[in-house]
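My notes follow the structure.

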Amino acid sequence: MLDIQTLRNDLSGVATRLAARGFVLDTARFEQLEAERKTIQTRTQDLQAQRNATSKRIGQAKAKGEDTSAIMAEVAGIGDELKQLEAQLPQVLQALDAFLAVIPNVPHASVPVGKSEADNEEVRRFGEPTKFDFAVQDHVSLGEGLGGLDFETATKISGARFTLLKGSLARLHRSLAQFMLDTHTEQHGYTETYVPFMVNADSMRGTGQLPKFEEDLFKIPFGLEEPSAAEQARIVSQGTAGSLREEIREKYFYLIPTAEVPVTNMVRDEIVPLEKLPLKFVAHTPCFRSEAGSYGRDTRGMIRQHQFEKVELVQMVHPDTSYHVLEELLGHAETILKKLELPYRVVKLCTGDIGFSSATTYDIEVWLPAQNTYREISSCSNFEAFQARRMQARFRNAAGKPELLHTLNGSGLAVGRTLVAVLENNQQADGSVRIPEVLRPYMGGLEIIRAG
C-alpha cells in the first residue's frame with residue numbers, strides 16, 4: 001500500500017509514475033474523499049471546541065443562578081451533530097482504505113519504462129542455448145516415454161492443468177526441491193520454514209493478493225455460509241458494499257498462490273529488533289492458482305498448472321539495504337541454475353510488466369530447447385515498504401522508533417519448471433535423460449533415467 005501522505009503531498013507526481021506502468025490513478029476520487037475527510041474532521045474539531053466553551057457557559061450561568069435550559073439545548077444539538085460525524089468518518093476512512101488497496105506500487109526510478117514484456121531489458125546470460133543433433137522432444141513426450149509423466153490420470157482425478165509424476169520422475173522432482181533447500185540453508189544462510197498452505201484474508205491482503213486478485217485464488221469456506229440477503233442488507237445499511245465484501249472474505253481460507261504469503265506474514269503486526277535484521281526464510285510449498293484469464297496459453301504440459309511447487313526465498317530487511325539484498329537474492333536463485341548447468345538469462349522487468357506489489361523485479365528465464373526460447377523460472381522482487389505498510393511490519397531503528405521494513409522475495413526455484421528444464425536440456429537421442437551431476441546423490445547415484 002502506498003503512503004497516503006505521499007499522495008496528499010504529491011498526487012500529480014504519483015499519478016505520473018503510476019501511468020508509466022499503465023495504471024490510471026483516479027485523482028478526482030482521491031481528492032473527493034480527502035475533502036470529505038477534512039470537512040468531517042475540521043467540523044468535528046470546531047464542534048468539540050464549541051461544546052467545551054458552551055459547557056463552561058453552563059457552569060458560569062449556574063453559578064449566577066441563571067436559567068441554563070437554552071444553553072443545554074445548544075449543547076445537546078452539538079452532541080447530536082458530533083454523533084452523526086462520528087458515524088460518517090469511519091465510512092470515509094474505509095472508502096480511503098479501499099481506494100488505496102487497489103493502487104499498485106510505484107516503480108523504482110531504475111525500472112525501464114515500457115508497456116509489455118517486449119520492453120523488458122536483458123541484464124545477462126549464463127551458458128549457451130542447448131543444441132542437439134537429433135529431433136528435440138518436449139518434456140511431455142520425454143516424460144510419457146519414460147513412463148513417469150501421466151496427464152491423463154491426473155485429468156481423471158482432478159481435471160485439466162494437473163500433473164501426476166511416477167517413479168524416477170517423481171523422485172527427480174523431490175530431489176530438486178531438496179537440493180534447492182539444502183543449497184539455500186547451507187550456503188546462503190536462509191532459515192527453513194514449514195508454513196500453512198491455507199491462510200486467512202488478512203494474510204492475503206498483507207502481501208497484496210486481496211482485494212485486487214481475488215479471482216486468481218482458490219478459497220475454502222470454513223463452516224460458514226455467505227450472508228443471506230437480509231444479512232447483506234444489514235451490512236450495507238451499516239456501512240458500504242465494500243464492507244460486505246470484506247465480511248464475506250473473512251469466512252474463507254485461501255489456498256496459497258505462493259509461499260510468499262504465509263512467510264512474509266510472519267512479521268505482520270510485529271516490531272522486529274534492529275539486531276535481528278535481516279530475516280531470511282526459505283520454504284518449499286505447493287502453490288495453487290486458478291490461472292483466471294490464461295486459458296489457451298501453455299495448455300500442454302507442466303508450464304502453467306493449478307497446482308505446482310516452489311522453493312521460495314523471502315527476506316525482511318532494513319530499508320537502506322534492500323536494493324543490495326535484491327541483487328544478493330537474485331544471485332541465490334541463479335546459483336541453483338548454475339549448479340544444474342542450465343542455460344538462462346536475467347531480465348529486468350519494465351514498468352508495464354512488473355507485478356502489483358513490486359517496485360523492482362528481475363525475472364530469471366531458463367532455456368527450453370523444445371520451445372526454442374527462454375521461459376520464466378523465477379521472479380525476484382523488492383517491494384520496498386509496500387507490503388510492510390499493509391501488514392504493519394516494522395523494526396525498531398537505531399533511534400528506538402518503529403519504522404517500516406522492506407520485504408523481498410524470489411523463487412529459488414519453481415520446482416516443476418526446473419524439472420521441465422532438466423528433462424529438455426539433458427535429453428538424449430534414445431529418449432533417456434541424463435541426471436545433472438549435482439542431483440545424483442539425491443537420486444541414489446542414478447546417472448540416467450531410462451524407460452522401463
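This is a predicted model: local features need pLDDT of at least 70, side-chain atom pairs count only at pLDDT 80 or more; totals for chains, interfaces and linings use all residues.

Residues are numbered from 1 along each chain as its sequence is written, and side-chain values use heavy atoms, with hydrogens and water left out.

I then looked up salt bridges (a side-chain nitrogen of Lys or Arg within 4 Å of a carboxyl oxygen of Asp or Glu) and found a count of 14.

Asp-150 pairs with Lys-166, their closest N and O atoms being 3.8 Å apart. Asp-150 sits in the loop between helix H5 and helix H6, and Lys-166 in the loop between H6 and helix H7, so the bridge ties together parts 16 residues apart in sequence; helices here are DSSP runs of H or I with at least four residues, numbered from the N terminus. I noted that Asp-150 is buried at 15%, whereas Lys-166 is partly exposed at 37%.

Next I checked Glu-81 and Arg-43, whose side chains meet in a salt bridge at 2.9 Å, N to O. This pair links helix H4 (Glu-81) with helix H3 (Arg-43), 38 residues apart. Glu-81 is partly exposed, with a relative accessible area of 26%, and Arg-43 is partly exposed at 31%.

Arg-57 forms a salt bridge with Glu-74, with 3.6 Å between the closest N and O atoms.

Conventions
Helices (H or I, at least four residues) and strands (E, at least two) are DSSP runs, numbered from the N terminus. Buried means under 20% relative accessible area, exposed over 50%, partly exposed in between (1.4 Å probe, protein chains only).
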